Amino acid sequence: MGTRLKLFIAVLFICFFMFPMVFCASNDGKVRIGLKRRKFGQNNRVASKIATKEGISLKNSVEKYQPSANLGDSDDFDIVGLKNYLNAQYFGEIGIGTPPQKFAVIFDTGSSNLWVPSSKCFSVACLLHSKYKSKRSSTYKKNGKSASIKYGTGAISGYFSEDNVKVGDLIVKKQDFIEATREPSLTFVLAQFDGILGLGFKEISVGDAVPVWYNMVDQNLVKEPVFSFWFNRNADEEQGGEIVFGGVDPDHYKGEHTYVPVTKKGYWQFDMGDVLINGSTTGFCSGGCSAIADSGTSLLAGPTTIITQVNHAIGASGVVSEECKAVVAEYGETIIKMLLAKDQPKKICSTLGLCAFDGERGVSMGIESVVDNTTQKSSNGLRDVMCNACEMAVVWAQSQLKEEKTQDQILNYIDGLCEKLPSPMGESVIDCDSLSTLPSISFTIGGKVFELKPEQYVLKVTEGPVTECISGFAALDVPPPRGPLWILGDVFMGSYHTVFDYGNSRVGFAEAA
């Protein structure tokens with residue numbers, strides 16, 4: 001597989017991460033789920049399935065994993081060695097039914113349902129993954145209510161069933177889950193995971209199904225209503241990380257956690273402050289933005305306007321937008337004059353005839369949002385393209401005027417940003433030799449600045465002697481009133497140990513150890 005193709009697949013999985021994992025229950029009421037890291041070999045998922053059918057086991061590496069002494073005594077337990085594709089995706093194993101049928105799932109704080117492929121699914125993706133067989137479970141109970149879920153890079157549909165779910169040594173009884181009968185997306189064909197176990201709030205649960213985590217708490221399976229993530233970003237180590245249900249592992253963070261309250265239940269959403277490039281404000285979130293902590297998103301996603309600034313600062317090369325450059329050439333000077341005349345920034349583009357302002361639309365793009373329950377698509381017409389370019393130019397010009405730059409400097413800066421606009425898939429490539437010279441990118445959360453260094457926000461994709469580096473920042477635009485919205489995915493959570501405190505409705509971050 002060529003490096004460029006691998007790079008494409010890495011971007012394709014922006015909304016999903018995979019967890020090779022193991023399980024352990026300690027006597028302090030906490031359940032640890034270890035994540036195992038392996039470099040991806042020559043065999044891909046299809047080859048794995050073919051080999052398995054031919055009687056060749058690709059999961060025969062079993063090792064012991066020692067739990068932290070700080071979590072209390074625990075028996076040794078087995079780890080099944082699983083592949084980690086591109087060193088940037090994590091998945092783990094659960095069991096459904098009696099006896100348990102094993103599935104590799106993403107533990108996703110950005111959704112709330114559990115689903116796995118059904119034996120009644122004949123999509124290509126289902127043929128390449130483990131499928132749930134209700135007839136083989138003595139605890140299965142029929143439900144039959146139809147269900148469908150749309151994610152950022154794929155969709156599934158099927159029907160609800162009820163059965164016991166085994167997570168680590170915990171057995172969640174009478175859990176509603178979706179048997180997927182259709183998985184038409186390429187994402188799921190290429191995926192190394194079978195399904196998804198959502199850890200979001202019930203408010204976004206399809207079919208009003210009670211999430212697995214809620215049932216863990218209600219059935220008194222955990223000591224504390226808290227779970228936490230640690231992702232190991234060291235590619236040379238076997239252990240890929242862990243999830244702890246019922247508490248936190250003090251061995252995997254430094255100092256104290258900074259907690260912020262959940263502002264809107266559904267996703268683990270909270271208020272975030274300014275975004276900084278080498279300590280300097282970008283201005284976009286100085287008045288506040290919303291953010292979600294999402295273990296199911298690979299990269300760090302934010303508004304196109306500021307992501308373009310970030311990618312420009314770190315030298316990431318995206319797709320050249322002729323429409324953007326055309327707007328700057330024709331309207332750039334006028335935009336600057338209107339801003340200097342104290343015209344309302346949100347109405348500038350409508351005044352110029354490039355946008356249809358409805359009184360609610362802000363300076364933001366109208367592209368599809370992965371967090372909406374229904375798909376929101378902007379028009380493909382030229383007017384929308386020009387409107388989007390104008391809105392971004394207004395924000396960029398504002399930030400430069402605050403720094404007292406000249407008109408020529410501002411126009412040159414905006415023109416340069418146009419050249420750094422990311423591709424529709426979010427891909428932006430960085431020169432690997434420049435990492436030592438790149439700036440830090442920081443996020444203000446709970447009054448504290450959380451810094452990401454180049455080695456933390458750049459992902460490396462290697463094929464033989466060739467290595468390519470991609471920006472860990474991807475564009476995602478969520479219009480008001482829900483946006484602007486940032487999604488702090490595994491690029492961020494890999495650097496900062498994350499606690500999801502369900503009992504106190506808050507999220508906490510501390511430097512990972």
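Start with the largest nonpolar core, and select Ile-94, Phe-107, Phe-245, Phe-443, Trp-486 and Phe-492: of its 71 residues, these touch the most other members. A nonpolar core here is a set of buried Ala, Val, Leu, Ile, Met, Phe, Trp, Tyr and Cys residues joined through side-chain atoms within 4.5 Å. Buried means under 20% relative accessible area, exposed over 50%, and partly exposed in between (1.4 Å probe, protein chains only). Helices (H or I, at least four residues) and strands (E, at least two) are DSSP runs, numbered from the N terminus.

The model is predicted: local features need pLDDT of at least 70, side-chain atom pairs count only at pLDDT 80 or more, and totals for chains, interfaces and linings use all residues. Residues are numbered from 1 along each chain as its sequence is written, and side-chain values use heavy atoms, with hydrogens and water left out.

Next, centre on Phe-443. Beyond its neighbours within four places in sequence, its contacts (heavy atoms within 4.5 Å) include Met-272, Leu-300, Phe-473, Trp-486 and Phe-492. Then select Leu-339, Val-394, Trp-396 and Leu-411, which are among the 28 residues of a second, separate core.

Move to strand E9 (residues 154-167) and pick Ser-157. Ser-157 counts as buried because its relative accessibility is 18%. Leaving out residues up to four places away, Ser-157 touches Ala-147, Ser-148, Glu-179, Ala-180, Thr-181 and Arg-182.

Now display helix H6 (residues 304-313) with helix H10 (residues 407-419); they pack at about 95°, with axes 9 Å apart. H6 is therefore roughly perpendicular to H10, the class for angles of 65 to 115 degrees, whereas those under 35 count as roughly parallel, over 145 as roughly antiparallel and the rest as oblique. Axes are lines fitted to C-alpha atoms, for helices over the stretch in contact, and angles run from 0 to 180 degrees between N-to-C directions. Thr-308, Gln-309 and His-312 of H6 meet Tyr-413, Gly-416 and Leu-417 of H10.

Finish at Asp-477, in the loop between strand E25 (473-475) and strand E26 (485-488). At 3% relative accessibility, Asp-477 counts as buried. Its side chain and that of Thr-304 are joined by a polar contact of 2.4 Å. A polar contact is a pair of N or O atoms within 3.5 Å; within protein, one must be able to donate a hydrogen and the other to accept it, and residues adjacent in sequence count only if both atoms are side-chain atoms.
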